[in-house]
Amino acid sequence: ERVTFLATLTQRELLPLWWVTLVFSFALTAYFTFLRTYIDETGVGSVGAFFGAYASTAIVLRLAAGWLPDRIGPKRVLYPAMALFATGFLLLAAAHSGLAVIVAGVFCGAGHGYGFPILYALSFGRASIASRGSASAIFTGLFDVGTVTGAPALGALVTRFGYPTMFRIAALWVGLGLLSAAFWDRDLRLRKRS
């Protein structure tokens with residue numbers, strides 16, 4: 001059975017995952033694009049220390065605790081991981097020391113270390129066998145869309161309001177994006193009054 005690219009893009013079960021992937025990729029540009037200039041401007045921390053902590057955390061989590069999503073469920077790991085990711089932005093917004101930048105790297109690395117593979121696995125798993133190639137292309141393409149939209153939008157926030165506000169807004173974006181995806185994907189429901 002042939003499934004069109006558009007059908008995969010608009011598949012009902014995949015839409016919440018596409019949304020949270022876009023939210024995630026948009027927010028990633030906050031530090032992938034602006035960490036160097038943030039550190040240059042503030043003189044706090046180092047890019048190498050942030051990304052060293054970030055990458056080390058992501059690698060250790062994947063190697064030592066990669067089984068966790070399989071054991072307790074991917075969504076039960078995804079939501080806390082994305083909360084850690086957002087917390088990393090809040091730590092960057094308030095950083096006044098090199099150690100704070102390193103801790104922010106750990107939080108962001110934990111979020112990315114789990115977030116990326118879980119979102120990919122959920123997307124791939126919900127796609128039909130005939131549409132998995134398209135689903136993979138859409139998933140990775142959303143990271144390009146996030147970069148193309150996130151860098152100028154977050155850059156405009158830096159120019160207008162400064163780095164701390166941009167990082168706080170990135171954290172808020174992740175939180176609101178995740179909350180809306182949780183409702184959309186029926187992981188959260190409002191209780192009806194009887």
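A salt bridge is a side-chain nitrogen of Lys or Arg within 4 Å of a carboxyl oxygen of Asp or Glu. The model shown is predicted, so local features need pLDDT of at least 70 and side-chain atom pairs count only at pLDDT 80 or more, while totals for chains, interfaces and linings use all residues. Residues are numbered from 1 along each chain as its sequence is written, and side-chain values use heavy atoms, with hydrogens and water left out.

**View 1. A network of salt bridges links Lys-75, Arg-126, Asp-185 and Asp-187.**
The structure holds four salt bridges in total. In one of them, the side chains of Asp-185 and Lys-75 meet at 2.5 Å, N to O. This pair joins distant parts of the chain, with Asp-185 in the segment after H8 and Lys-75 in helix H5, 110 residues apart. Helices (H or I, at least four residues) and strands (E, at least two) are DSSP runs, numbered from the N terminus. Lys-75 also meets Asp-187 in a salt bridge, at 2.6 Å, N to O. Here Lys-75 lies in helix H5 and Asp-187 in the segment after H8, so the pair ties together parts that are 112 residues apart in sequence. Buried means under 20% relative accessible area, exposed over 50%, and partly exposed in between (1.4 Å probe, protein chains only). Asp-185 is buried, with a relative accessible area of 14%, and Lys-75 is buried, with 17%. Asp-187 is partly exposed, with a relative accessible area of 37%. Side chains of opposite charge can pair when their charged atoms come close.

**View 2. Arg-36 and Asp-40 form a salt bridge within helix H2.**
The two side chains meet at 2.9 Å, N to O. Arg-36 and Asp-40 are four residues apart, about one turn of the helix. Arg-36 counts as partly exposed, at 45% relative accessibility, whereas Asp-40 is exposed, with a relative accessible area of 52%.

**View 3. The search of the whole structure finds one cavity of 30 Å³ or more.**
On a 1 Å grid over the protein atoms alone, a cavity is a set of points where a 1.4 Å probe fits but cannot get out, and lining residues have an atom within 4 Å of a point. Grid points are joined across faces, edges and corners, and a volume is the space filled by probe spheres set on the points. The largest cavity holds about 50 Å³ of space. Its lining is made of Pro-16, Leu-17, Val-20, Lys-75, Leu-78, Tyr-79, Leu-178, Ala-181, Asp-185 and Asp-187. Helix H2 (15-42), helix H5 (74-94) and helix H8 (163-184) are the elements that give two or more residues to this lining. By type, the lining residues divide into seven nonpolar, no polar and three charged. In this count Ala, Val, Leu, Ile, Met, Phe, Trp, Tyr, Cys and Pro are nonpolar, Asp, Glu, Lys and Arg are charged, and the others, Gly among them, are polar.

**View 4. Leu-99, Ile-102, Val-103 and Val-106 form a nonpolar patch on the surface.**
Together these residues have about 300 Å² of accessible area. Patches are made of residues with over 30% relative accessible area and no salt bridge, with like charges joined within 9 Å and nonpolar side chains (Val, Leu, Ile, Met, Phe, Trp, Tyr) within 5 Å. Accessible areas come from the Shrake-Rupley method with a 1.4 Å probe, and for residues only the protein chains shown count as cover. Val-106 lies in helix H6 (residues 98-126) and is partly exposed, with a relative accessible area of 33%. The C-alpha atoms of Val-106 and Ala-83 are separated by 13 Å, and the two residues are 23 apart along the chain. Ala-83 lies in helix H5 and counts as partly exposed, at 39% relative accessibility.

**View 5. Arg-186 has a positive phi of about 65° although it is not a glycine.**
Most residues other than glycine have a negative phi. Arg-186 lies in the segment after H8 and is exposed, with a relative accessible area of 54%.

**View 6. Phe-5 and Ala-135 have C-alpha atoms separated by 8.1 Å.**
Along the chain, Phe-5 and Ala-135 are 130 residues apart. Phe-5 lies in helix H1 (residues 5-9) and is partly exposed, with a relative accessible area of 45%.

Definitions and conventions:
On a 1 Å grid over the protein atoms alone, a cavity is a set of points where a 1.4 Å probe fits but cannot get out, and a pocket is an open set with protein on both sides within 12 Å along at least five of seven lines; lining residues have an atom within 4 Å of a point.
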